[in-house]
Amino acid sequence: MQENERHYRGDETTGFQSPAQDHIEPVIDLADKLDLRRPARYPVRVIGQALSARGIHHGDVLVVNAAADPVAGKVCVAILDGDVILATLIFKEGAWWLEPSKSDARPVTGDTEIWAIVEALVRFEV
């Protein structure tokens, strides 16, 4: 850089401050907003379009909570017949059921595990 070159530096301005300066928001910290530092919260990438009707698409990242209590109507990550799936939780007839998008609802039995509840979604392609 030559001595007589001048470069703009935002912190060394002269004159009046911008009237919009009071409305400038801080940088968004996604780890903070998604509470990813809390134990039992994990990001999980979606593979497939099974829950596209719920607005969950291939490539989305879900933030799941493995410590959350089941809630009817929420999407969960479950292990069913050895496969990891996304399904909607249903509570009927006094028991929990899983409703995968491509098959009929099935009761949660001893060989089914509700691993985590989906709490947020991050999409990189809009």
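Trainee: Is Trp96 buried, exposed or partly exposed, and what is its relative accessible area?
Mentor: The model is predicted, so local features need pLDDT of at least 70 and side-chain atom pairs pLDDT 80 or more, whereas totals for chains, interfaces and linings use all residues. Residues are numbered from 1 along each chain as its sequence is written, and side-chain values use heavy atoms, with hydrogens and water left out. Buried means under 20% relative accessible area and exposed over 50%, with partly exposed in between (1.4 Å probe, protein chains only). Trp96 is therefore partly exposed, its relative accessible area being 25%.

Trainee: How many aromatic pairs are there?
Mentor: Rings of Phe, Tyr and Trp (its six-membered ring) pair if their centres lie within 6.5 Å; planes under 30 degrees apart are stacked, over 60 edge-to-face and the rest tilted. By this rule, the number of aromatic pairs is two.

Trainee: How many residues apart in sequence are the parts tied together by Tyr42 and Trp115?
Mentor: Tyr42 and Trp115 form a stacked pair, 5.7 Å centre to centre with 25° between the planes. Strands (E, at least two residues) and helices (H or I, at least four) are DSSP runs numbered from the N terminus. Because Tyr42 belongs to strand β1 (residues 41-45) and Trp115 to strand β7 (residues 113-122), the separation of the parts in sequence is 73 residues.

Trainee: Which residue forms an aromatic pair with Phe91?
Mentor: This pair is edge-to-face, with 4.9 Å centre to centre and 65° between the planes. Phe91 is itself partly exposed at 47% relative accessible area. The partner of Phe91 is Trp96.

Trainee: Which residue forms a salt bridge with Arg41?
Mentor: A salt bridge is a side-chain nitrogen of Lys or Arg within 4 Å of a carboxyl oxygen of Asp or Glu, and here the closest N and O atoms are 2.5 Å apart. The pair links distant parts of the chain, strand β1 and strand β7, 78 residues apart. Arg41 is buried, with a relative accessible area of 8%. The partner, partly exposed at 35% relative accessibility, is Glu119.

Trainee: In which strand does Arg106, the salt-bridge partner of Asp81, lie?
Mentor: The closest N and O atoms of Asp81 and Arg106 are 3.0 Å apart. Asp81 lies in the loop between β3 (75-80) and β4 (83-92), so the pair ties together parts 25 residues apart in sequence. Arg106 lies in strand β6.
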